[in-house]
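Please read them with the structure open.

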Amino acid sequence: MATETRRSVLMVLEGHIIDSMMLPRLLDLVMDLGGAFDIQELRVGQLKTDASTCRIEVTADDAEALDEIVRHARELGATVASEEPVHTEPVTQRGVYPEGFYSSSNLPTFLLIDGDWVRVEKQEMDCAIAVDREARRAWCIPFSETAPGLEVVVGHHGVRVVPLERSRQTEIFSFMSSEVSAEKPKKVLIAQIAAEMRATRRDGGRILVVAGPAVVHTGAGRSLSRLIELGFVQVLFAGNALAVHDVEAALFGTALGVNVESGLPIEHGHEHHMRAINRVRAAGSLRAMVASGELPSGVMRSAIQHGLEIVLAGSVRDDGPLPDVITEMGEAQRRMREAIPGVRRALMLSTLLHSIATGNMLPAQVRTVCVDINPAVVTKLADRGSWQSIGLVTDVESFLRELVQVIET
């Protein structure tokens, strides 16, 4: 009786594959997808700084099943021992990728082009990867930037994904990010976040803040302004609401008509945000108000005076909006992407949708801290499938106030 021939491929894992769980995750993957494996070689590093190597023969019943295993294994950082060059096809329709395009992740990615591994630039999840063979370049490209004639990667051959390995020096993102809880030791956590921010600035990295209007409503605006003045924010992403209520607080001392200091509603206070919008529109822009001295305080004043890259992205529910707000979403996304290079840390403060949009654009190396009083929001923001994001369930005002206090000491 004829014996069915199984398909096989030799795969290689390199790096800190044991303590980062790369090896056991790969073995689980193979079995979950109906394959089998044979570990042919395993060299374990003897020191903490030593890398390990594992060569594994993976088998499956047919070529289609083996191809699925290989595709998922690449996402874990495995490579095929005998790698094919990357395959590309030209774009034929503006804004449309070729069928079978490779969908990118936020992890560092390399392509095998003419015998060399080339790093993908502008790393971002949920994009295609464009290739310029003559310039030996590759970069992630969103739908909006796709034009006819551009070569785009199809399939998974010649693609190498490098999972991030756990830091052996920075414990904050390794043991504090396993779950979202209001019971985490916030004082210790905030002190370590401050230490990371100091290290980022010392190394020349930039810090991004994504802030919602609750920063102003809770009275945390003064702490965020101080953080900006201390040089620990270089990029600010927000919507119309943060800027409007920040201006309202500066001009009228209220946010949504509630006195920021006393927490008491003010008569006719519900009109204040509209009057604030009108003042900005009359001046022409937030920058014009700052330049003329009409805006005496607030987050936007500090951000403008200290030269932050500011992207205010609008939405369909915005009042006004302010002249500075970008109302075309494609343009807002483009401006956000332009501001991301060089960002090494991100604070996502009480804004769900804006933070999700930002998180989708950030490469995996960017450490993110997600802060909200609602545990469900923090879970959504922090759950990016890796240890480099942490969630903190707390009031944003107390978080920012203590963060500033620690940084100032």
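1. A term first. A nonpolar core here is a set of buried Ala, Val, Leu, Ile, Met, Phe, Trp, Tyr and Cys residues joined through side-chain atoms within 4.5 Å. Buried means under 20% relative accessible area. Note that the model is predicted.

2. The largest nonpolar core holds 52 residues. Leu227, Phe399, Leu400 and Leu403 have the most contacts inside it. Its main contributor is helix α14, residues 396–408, with six residues. A second core is separate and has 23 residues, including Val120, Val131, Cys140 and Ala364.

3. Which residues does Leu227 touch? Leaving out residues up to four places away in sequence, they are Met197, Phe232, Val233, Leu347, Leu400, Leu403, Val404 and Ile407.

4. Helix α6 spans residues 221–229. Its buried residues are Gly221, Ser223, Leu224, Ser225, Leu227 and Ile228. Their cover includes helices α4 (186–202), α5 (214–217), α10 (299–305) and α14, plus strands β12 (206–211) and β17 (343–349). After α6 comes Gly231, with a positive phi near 90°.

5. Now the surface. Ile18, Met31, Phe37, Ile39, Leu42 and Val44 form a nonpolar patch there. Together they have about 480 Å² of accessible area. Strand β2, residues 36–43, gives the most to this patch, with three residues.

Conventions
Residues are numbered from 1 along each chain as its sequence is written. This is a predicted model: local features need pLDDT of at least 70, side-chain atom pairs count only at pLDDT 80 or more; totals for chains, interfaces and linings use all residues. Side-chain values use heavy atoms; hydrogens and water are left out. Buried means under 20% relative accessible area, exposed over 50%, partly exposed in between (1.4 Å probe, protein chains only). Helices (H or I, at least four residues) and strands (E, at least two) are DSSP runs, numbered from the N terminus. Contact means heavy atoms within 4.5 Å. Patches are made of residues with over 30% relative accessible area and no salt bridge: like charges are joined within 9 Å, nonpolar side chains (Val, Leu, Ile, Met, Phe, Trp, Tyr) within 5 Å. Accessible areas come from the Shrake-Rupley method with a 1.4 Å probe; for residues, only the protein chains shown count as cover. A salt bridge is a side-chain nitrogen of Lys or Arg within 4 Å of a carboxyl oxygen of Asp or Glu.
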